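This briefing goes through one structure by topic. Please look over the sequence and the model before reading on.

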Amino acid sequence: MNRPRTFEAPGIAPLLILLAVAIMAVLIVLPLATVFIEAFRKGLPGFRQALVDPDAISAMKLTLKVAAISVPLNAVFGLAAAWAITRFEFVGKSALLALIDLPFSISPVVSGLVWVLLFGAQGWFGEWLADHDVQIIFTTTGLVLATILVTLPFVARELIPLMQEQGADEEAAAITLGAGGLTTFFAITLPNVKWALLYGVLLCNARAMGEFGAVSVVSGHIRGETNTLPLHIEVLYNDYNFVGAFAVATLLAGLGLVTLLLKTALEVRYAGELSATRKH
Amino acid sequence: MRTLTIRRWREPSILPGFGLSLGLALAWLAAIVLIPLSALVIRPWELGVDGVWRTLTDPRVLASLRLSFGVSAAAALVNAPLGLLVAWVLVRYRFPGRRLLDACIDLPFALPTAVAGIALTAIYAPTGPLGGLFAKVGIKTAYSPIGIFIALLFIGLPFVVRGVQPVLQDLDREVEEAAETLGASNFQRVTQVVLPAVMPALLTGVGLAFARAVGEYGSVIFIAGNMPGVSEIAPLLIVIKLEQYDYAGAAAVGLAMLAISFGALLVINLIQTRLSQRGAA
């Protein structure tokens, strides 16, 4: 890339680069480094101890469980919404799109609050649930509902622009030639969007496993029962067990880094098969 | 010629699955978004209009709303020049480590908020590396509104950078070169050619950073100190009200946050429309 830079005063470029690197280092990279530094403050044994703790292990299991339920459901929703929106013309489409985006613009705490308003002790359905001995708030069900609300847009938002761009010609041809709806979907649509789907699922999963505010409202913080990994971090931190909190935090930071790596790899390798907005 | 057009609510298509896919999507949206959010909109009014007003004008609530929106706006505004600078460097210069720097931009998106929260607190607490430095000159960073500001700076930066980056990339360098040939100085080039072109995208980025900051919880509550009236953010007040089983009060604060956020985004949108109209004229 040899673009003419004749009109720039000498010395400005290095200065600006240095400034940008400094901003990024202090503001963004330092916190990440701190997680690992603090986690090993008492060496490997302290780090290990925090991770083999039964409460930590049950938090890991719960986090995996919540993500394993929420992410596939939102992936199916994303596929259905993208099919309806990009393959048909109907009234109210833009309202539907706005509704899909809505969870991104509400506070995580509100995303938890709404479930308490419905199913909490004094919620709309609270009494009915109590009469029928069903509990939602302070259980895994509540955690799943809050997580689903927070992560709802991820897959749909990846698929809709891509499927819009690809158009329906291939599917229309298949149908005209006598292929069934399901065959068309699995033989044409799914292979066409597989990388974008994976991209959306990756982001959805990262958010599902790392969500804090929404699940914090519905969890009740019962140790070993309704604490996901982020909530377990809070409990340890508030107990002044800093090494433990940061040790558990390295798991989530690792998840974030792996997600970032895979996401970047997808962007580089399959730029053409992701949404237009993802092309670099 | 008069043609009778019957407006159908959907265009005919040979593709199957319209009813199934739309039905699934609508059912899911109703169950997960519409019904829960309708509870947020309806429940505050159990208190009556008076009660909602009293809840929202309670000094503690008022202070938390002012803090949340004020610090969010400040952080988003400061992120504008920072993000613009980082985006500019990433787009315009080639240097070793550029790709790594570019990937690092997304770290705040990738790092779970609770993790960012405790890490920022460790850095900016009086005993931490940077918090200690600030403490020496008498500035309390963590456990004060400044701590909240720092956390929101962290959360918001990627929105601005990612918003501006594509526009800078597509910016026609020839226009800049023409300005240069016509005798424009560096300063004039930036303020009169580059800035107007990126302004709408910059505003979008700032708006997104602001909206995210207002609702932010995980990365803020550890560093904030959470002193009522001083460093207690609005989302935390919702949690506190819920713990006191004041559902309607919690919903009122949540609804107020939502309303003010949408109002702010609307204003940003209006300014943006104005800007792009001026740009087109």
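Which residues does Ile137(A) touch, not counting residues up to four places away in sequence? They are Trp115(A), Val116(A), Phe119(A), Gly120(A), Gly142(A) and Val218(A), where a contact means that the C-beta atoms of two residues, placed from the backbone, lie within 7 Å. This is a predicted model, in which local features need pLDDT of at least 70, side-chain atom pairs count only at pLDDT 80 or more, and totals for chains, interfaces and linings use all residues. Residues are numbered from 1 along each chain as its sequence is written, while chains are lettered from A and ligands numbered from 1 in the order in which they are written.

**Confidence**

- The model has an ipTM of 0.91 and a pTM of 0.92.
- Chain B has a mean pLDDT of 91, with 96% of its residues at 70 or more; pLDDT is the predictor's confidence in each residue, from 0 to 100.
- Within chain B, the lowest confidence is in helix 9 (residues 173-181), with a mean of 80, and the highest is in helix 6 (residues 113-124), at 97.
- Where pLDDT is low, predicted coordinates should not be read in detail.

**Chain A overall**

- Chain A contains 13 helices and zero strands. Helices (H or I, at least four residues) and strands (E, at least two) are DSSP runs, numbered from the N terminus.
- The C-alpha trace of chain A spans about 75 × 65 × 30 Å along its principal axes.
- Of the 280 residues in chain A, 45% are buried. A residue is buried if 20 or more other C-beta atoms lie within 10 Å of its own, exposed if 12 or fewer, and partly exposed in between, with C-beta atoms placed from the backbone.
- Taking contacts in chain A between residues at least 6 apart in sequence, 75% join residues at least 24 apart.

**Domains of chain A**

- Chain A is assigned domain 1 (1-39) and domain 2 (43-278); the bounds come from an automatic or database domain assignment.
- The C-alpha centres of domain 1 and domain 2 of chain A are 33 Å apart.
- Between these domains of chain A, five residues of domain 1 are in contact with eight residues of domain 2. The domain 1 side has four nonpolar, no polar and one charged residues. Here Ala, Val, Leu, Ile, Met, Phe, Trp, Tyr, Cys and Pro count as nonpolar, Asp, Glu, Lys and Arg as charged, and the others, Gly among them, as polar.

**Interface between the chains**

- On the chain B side, 72 residues are in contact with 79 residues of chain A.
- Helix 1 (residues 18-42) of chain B gives the largest share of that side, 13 residues.
- The chain B side is made up of 55 nonpolar, nine polar and eight charged residues.
- Helix 1 of chain B bends by about 45° at Ala30(B), the bend being the angle between axes fitted to the seven residues ending there and the seven starting there.
- Buried residues in helix 1 of chain B include Trp28(B), Leu29(B), Ile32(B) and Val33(B).

**Nonpolar core**

- The largest nonpolar core has 166 residues. Such a core is a set of buried Ala, Val, Leu, Ile, Met, Phe, Trp, Tyr and Cys residues joined through C-beta atoms within 7 Å.
- Its largest share, 15 residues, comes from helix 3 (residues 54-87) of chain A.
- The core takes at least three residues from each of domain 1 (1-39) and domain 2 (43-278) of chain A.
- The residues with the most contacts inside the core are Leu113(A), Ala249(A), Val115(B) and Ile118(B).
- Not counting residues up to four places away in sequence, Val115(B) touches Val35(A), Ile233(A), Ala249(A), Leu252(A) and Ala253(A).

**Individual residues**

- Ile137(A) sits in the loop between helix 6 (126-131) and helix 7 (140-151) of chain A. It counts as buried because it has 25 C-beta neighbours inside 10 Å.
- Thr183(A), in helix 10 (residues 181-210) of chain A, is exposed because 12 other C-beta atoms lie within 10 Å.
- Tyr240(A) is in the loop between helix 12 (229-238) and helix 13 (242-269) of chain A. Its phi is near 65°, a positive value in a residue other than glycine, and Tyr240(A) is exposed, with 8 other C-beta atoms within 10 Å.
- Tyr143(B) is in the loop between helix 7 (129-136) and helix 8 (145-170) of chain B. Its phi is near 60°, a positive value in a residue other than glycine, and Tyr143(B) is buried, with 21 other C-beta atoms within 10 Å.
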